[in-house]
Amino acid sequence: MLFYNLIVENKELLKIIYALIITIICFFIVIKTNKLFKISSHQGIRYLRNAFLFYGMAFIVRYFFGVLHFHNSLGNIYSFLIKVFFESFIIMAGFFLLYSLLWKKLRSKANFSSLFNKEIALFYGMTFVFVFLDFIWHTGAFMFISQIILFLCALIISFTNYKNNGKRHKFLKFYFMAMLLSFTAWILNALAALYFDWDKGIMMGIYGINVIFFLLFLYGIIKVTKIK
Amino acid sequence: MTKKRERLEVIRDILNSIKEKRKIKPTRLLYSSNLSPQMFKTYINELISKGFINLDIDKKEKKTFSLTKKGFEFLSEYRVIENFIENFGL
């Protein structure tokens, strides 16, 4: 109970540390995947890199705004900034993660830019609509629903990949686990926000799951790129 | 029926053919690559533009391909890349 109280009392500080840890993990993943993309020009690696670039940007924004909010420098605009920047980057990251699994099936061709092209413009458009609707209705429902659907799709694809090639490629199991964790985290997030008034216990559980999600990817990237 | 080679596998095969001979003539490379002349040209142009191979022309106007440092780097990293793509289901 004492430990729980300690966490609750230092909630804002812990949120900043949490954002910083995830930012560092994401940028490490971006550097590693970018190196592999530069050599191979593989589109799947490119979109996976972009996913973690957006996750990294989301959490760096959360870190900086969190620090400013901690020192009471942002006042009322904190929630507005978080809504616009954090939410946009998180939704885009989800799109990129799913697209990294789907691009081959959609027969998408290599574009000069993976951040600005016709296919990705659709993601930006959808992200803008979700963030705008969440903003005017003072909710996060559109983000939650979009992410739950995205991760459900990613969960199904990763499970199929694991069933087909899991024996030969060990990380596919962990990839599926990561998708399952993130899917669970988004459902809990939606429940906490929409029905449980951001219950602290649920939120701490979500932070824990999210850290495991990013650590799983970090583990996979270190382990897989180590093999020569 | 043999499985269609993936883009990266084709690149690996072309680079390996050049690596084995150190210098290889375009016609010989075309035969060993097992590609249509049109596809071969596309791949070769891509490999030259990416700096994986060099097109050398000697005094007698004879053309040969050789591997660059980046080409050698790709071959040594190929297993890592292949492993990464398969393990992440990309």
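This is a predicted model: local features need pLDDT of at least 70, side-chain atom pairs count only at pLDDT 80 or more; totals for chains, interfaces and linings use all residues.
How many salt bridges does the structure hold over all chains? The count is five.

1. In chain A, the side chains of A:Glu12 and A:Lys15 form a salt bridge, with 3.7 Å between the closest N and O atoms. Both residues belong to helix α2 (residues 11–40) of chain A, where they are three residues apart, about one turn of the helix. A:Glu12 has a relative accessible area of 28% and is partly exposed.

2. A salt bridge in chain B pairs B:Lys50 with B:Glu46, at 2.7 Å from N to O. Through shared partners, salt bridges link B:Arg7, B:Glu46 and B:Lys50 in one network. B:Lys50, at 23% relative accessibility, is partly exposed; B:Glu46, at 22%, is also partly exposed.

3. B:Arg12 and B:Asp13 form another of the salt bridges, their closest N and O atoms lying 3.1 Å apart. The relative accessibility of B:Arg12 is 23%, so this residue counts as partly exposed.

4. B:Asp13 also has a backbone contact to note: its backbone oxygen is 3.0 Å from a polar atom of the B:Ser17 side chain. B:Ser17 is part of helix α1 (residues 7–21) of chain B. With a relative accessible area of 12%, B:Ser17 falls under the 20% limit and is therefore buried. Apart from residues up to four places away in sequence, B:Ser17 touches B:Ile24, B:Leu29 and B:Ser32.

5. The largest nonpolar core has 98 residues. The members touching the most others are A:Phe52, A:Tyr55, A:Leu97, A:Met179, A:Phe217 and B:Phe88. Helix α4 (residues 77–102) of chain A supplies the largest share of this core, 15 residues. As a general background, nonpolar side chains in soluble globular proteins tend to be buried together.

6. Which residues does A:Met179 contact, leaving aside neighbours within four places in sequence? They are A:Leu97, A:Phe151, A:Ala154, A:Leu155, A:Ser158, A:Phe213 and A:Phe217. A:Leu97 and A:Phe217 are themselves listed with A:Met179 among the core members that touch the most others.

7. Zero disulfides are counted over all chains. A:Cys26 is buried, because its relative accessibility is 0%. A:Cys153, at 32%, is partly exposed.

Definitions and conventions:
Residues are numbered from 1 along each chain as its sequence is written. Chains are lettered from A and ligands numbered from 1 in the order in which they are written. Side-chain values use heavy atoms; hydrogens and water are left out. A nonpolar core is a set of buried Ala, Val, Leu, Ile, Met, Phe, Trp, Tyr and Cys residues joined through side-chain atoms within 4.5 Å. Buried means under 20% relative accessible area, exposed over 50%, partly exposed in between (1.4 Å probe, protein chains only). Helices (H or I, at least four residues) and strands (E, at least two) are DSSP runs, numbered from the N terminus. Contact means heavy atoms within 4.5 Å. A disulfide is a pair of cysteine sulfur atoms within 2.5 Å. A polar contact is a pair of N or O atoms within 3.5 Å; within protein, one must be able to donate a hydrogen and the other to accept it, and residues adjacent in sequence count only if both atoms are side-chain atoms. A salt bridge is a side-chain nitrogen of Lys or Arg within 4 Å of a carboxyl oxygen of Asp or Glu.
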